Amino acid sequence: MSKATRNLLKSDFAYYPTQKINWFPGHMRKAKRQILSQMRKVDLFVEVRDLRVPFTSHNILLDELIPKDKKRVVVYNKADLANPKMTQKYLKYTREVEKYDCFEMSAKKHIHVDKFISHIKHKVNPRFSTIGNWMMIGGNPNVGKSTIINTLRVKEDNIEHNRKSGARVGAVPCITRSVTGFKVMTNPLTYLIDTPGITQPKILNNEDGLRLCAVGSIRDGIIIEHETTIRYILYQLNNKGVTKYVSFYNLKEPTDDFETFARGARSLHGRMSHHNLEISILKDFREGKLGRITIDEDPETEAERRRQILEEIRLQELEKQD
Ligand SMILES: Nc1nc2c(ncn2[C@@H]2O[C@H](COP(=O)(O)OP(=O)(O)OP(=O)(O)O)[C@@H](O)[C@H]2O)c(=O)[nH]1
Ligand SMILES: [Mg+2]
């Protein structure tokens, strides 16, 4: 891609929704209560984040639910879909700044799972050996929590695993609806409690909201039109120089024009309704067919952006009180 084309494609995103992206359905409120009620018996909390949005998928509501003295690790999942250099930056940041043990993983592809297993085996001691270790897994919707449980079960020889006995997984958010414990290891005996994904009641701002829509953490079409999410994805692909979509969709060159992009997708997917085409494009992106991308910027930039947003919110609240 020439420098001129790259600059052209880096222009600002012009389709920010005017309505606030705010998605916290009733079952999440219930899940929040259930997580709190089971927290006491948990030896370790496993917080899952999505490496395509490693900062934005850090759910600050969980920080309120997990007691400060609870052991906690962060699993950065979907490593196969993210930019590996950015993954390393986030692992370093989480270890050095957040001061949590953390692991990258692709639960679906069974990559880098062993380090996490070894951590559980050696670092987590059950309070009562007969009862075993009790861990809880939590995070935003669709980050791969249930897939991680199933992957741990597959890796354990002494656990019979089949579709029925594992955790339910699926490509749309909110597949897990209840808080359920699964045996994931036999030596030491270890259970992992699956929980429904929860969002933050007020997603910080619309940039954060769009990022969560892009990775499928907010249900498609519920607040933001599919087309807006796709426009945002295209903007970010161009912004980060990830142009695999050009050959995948039989295009001549990178584009920031939605119609041209959609025409390319149609040439691959064939005749279907516009709605189904949009669903296919979202699926292509989320399965990594349009290339590996980390949408969030590096951790320091994101931390500063978050600080500014929280400051803005604080000022707005002060103004309301006046
Ligand atoms: N490419 C890739 N896909 C993954 C990975 N882990 C999970 N997935 C996919 O992500 C989607 C969501 O996985 P789930 O395990 O259901 O996610 P969850 O966090 O339990 O979702 P909720 O229960 O709905 O909150 C599924 O389509 C999985 O196949 C991964 O490491 N890489
Ligand atoms: Mg689940």
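Mentor: We start with helix H12. H12 has 23 residues and reaches 33 Å from its first C-alpha to its last. Keep in mind that this is a predicted model.

Trainee: What span is expected for H12 at 1.5 Å a residue?

Mentor: The expected span is 33 Å, and the span in the model is close to that.

Trainee: What makes H12 "hardly covered"?

Mentor: The count of buried residues. Among the 23 residues of H12, that count is one.

Trainee: Gln321 lies in H12. Is Gln321 buried or exposed, and how do you know?

Mentor: Exposed. Gln321 has 6, so Gln321 is exposed.

Trainee: What makes H6 "mostly covered"?

Mentor: Nine of the eleven residues of H6 are buried. Among them are Lys145, Ser146, Ile148, Leu152 and Arg153.

Trainee: What covers the buried residues of H6?

Mentor: The cover includes strands E1 (44–50), E2 (71–77) and E4 (133–139). Helix H5 (113–123) is also part of it, as are E5 and E6.

Trainee: Which helix gives the largest share of the shell around ligand 1?

Mentor: H6, residues 145–155, with three residues. The shell has 24 residues, and the closest are Gly144, Ser146, Val169, Thr176 and Gly197.

Trainee: How do the shell residues divide by type?

Mentor: Ten are nonpolar, ten are polar and four are charged.

Trainee: Why is Cys174 called buried?

Mentor: The cut-off for buried is 20 or more C-beta atoms within 10 Å. Cys174 has 20 such neighbours, so Cys174 counts as buried. Cys174 sits in the loop between H6 and E5.

Trainee: What is the phi of Cys174?

Mentor: About 70 degrees, a positive value, although Cys174 is not a glycine. Most residues other than glycine have a negative phi.

Trainee: Where is Lys99, and what is its phi?

Mentor: Lys99 is in the loop between H4 and strand E3 (101–104). Its phi is positive too, about 65 degrees, and Lys99 is not a glycine.

Trainee: Is Lys99 buried or exposed, and why?

Mentor: Exposed. Lys99 has 9 C-beta neighbours inside 10 Å. The limit for exposed is 12 or fewer, so Lys99 counts as exposed.

Trainee: Why is Leu91 called partly exposed?

Mentor: Leu91 has 18 other C-beta atoms within 10 Å. Buried needs 20 or more, and exposed needs 12 or fewer. The value of 18 falls in between, so Leu91 is partly exposed. Leu91 lies in helix H4, residues 84–98.

Trainee: Which residues does Leu91 contact, leaving aside neighbours within four places in sequence?

Mentor: Tyr76, Cys102 and Glu104. Contact here asks for C-beta atoms within 7 Å. As for Val75, its C-alpha atom is 9.5 Å from that of Leu91.

Trainee: Which residues touch the most other members of the largest nonpolar core?

Mentor: Val46, Val75, Tyr76, Met135, Ile137, Leu192 and Ile193. That core has 35 residues. A second, separate core has 28 residues, including Cys213, Ile230, Ile281 and Ile293.

Trainee: What is in contact with Met135, beyond four places in sequence?

Mentor: Val42, Asp43, Leu44, Val46, Thr190, Leu192 and Ile193.

Trainee: Which peptide bond is cis, and what is its omega?

Mentor: The bond that joins Asn187 and Pro188, with omega about -5 degrees. Most peptide bonds are trans. Pro188 lies in the loop between E5 (180–186) and E6 (189–194).

Trainee: How is the chain divided into domains?

Mentor: Domain 1 takes 3–20 and 202–312, and domain 2 takes 26–194. Their centres, taken over C-alpha atoms, are separated by 27 Å.

Note on methods. Residues are numbered from 1 along each chain as its sequence is written. Chains are lettered from A and ligands numbered from 1 in the order in which they are written. This is a predicted model: local features need pLDDT of at least 70, side-chain atom pairs count only at pLDDT 80 or more; totals for chains, interfaces and linings use all residues. A residue is near a molecule or strand if its C-beta atom, placed from the backbone, lies within 6 Å of it. Helices (H or I, at least four residues) and strands (E, at least two) are DSSP runs, numbered from the N terminus. Ala, Val, Leu, Ile, Met, Phe, Trp, Tyr, Cys and Pro count as nonpolar, Asp, Glu, Lys and Arg as charged, and the others, Gly among them, as polar. A nonpolar core is a set of buried Ala, Val, Leu, Ile, Met, Phe, Trp, Tyr and Cys residues joined through C-beta atoms within 7 Å. Two residues are in contact if their C-beta atoms, placed from the backbone, lie within 7 Å. Domain bounds come from an automatic or database domain assignment. The expected span of a helix is 1.5 Å times one less than its number of residues.
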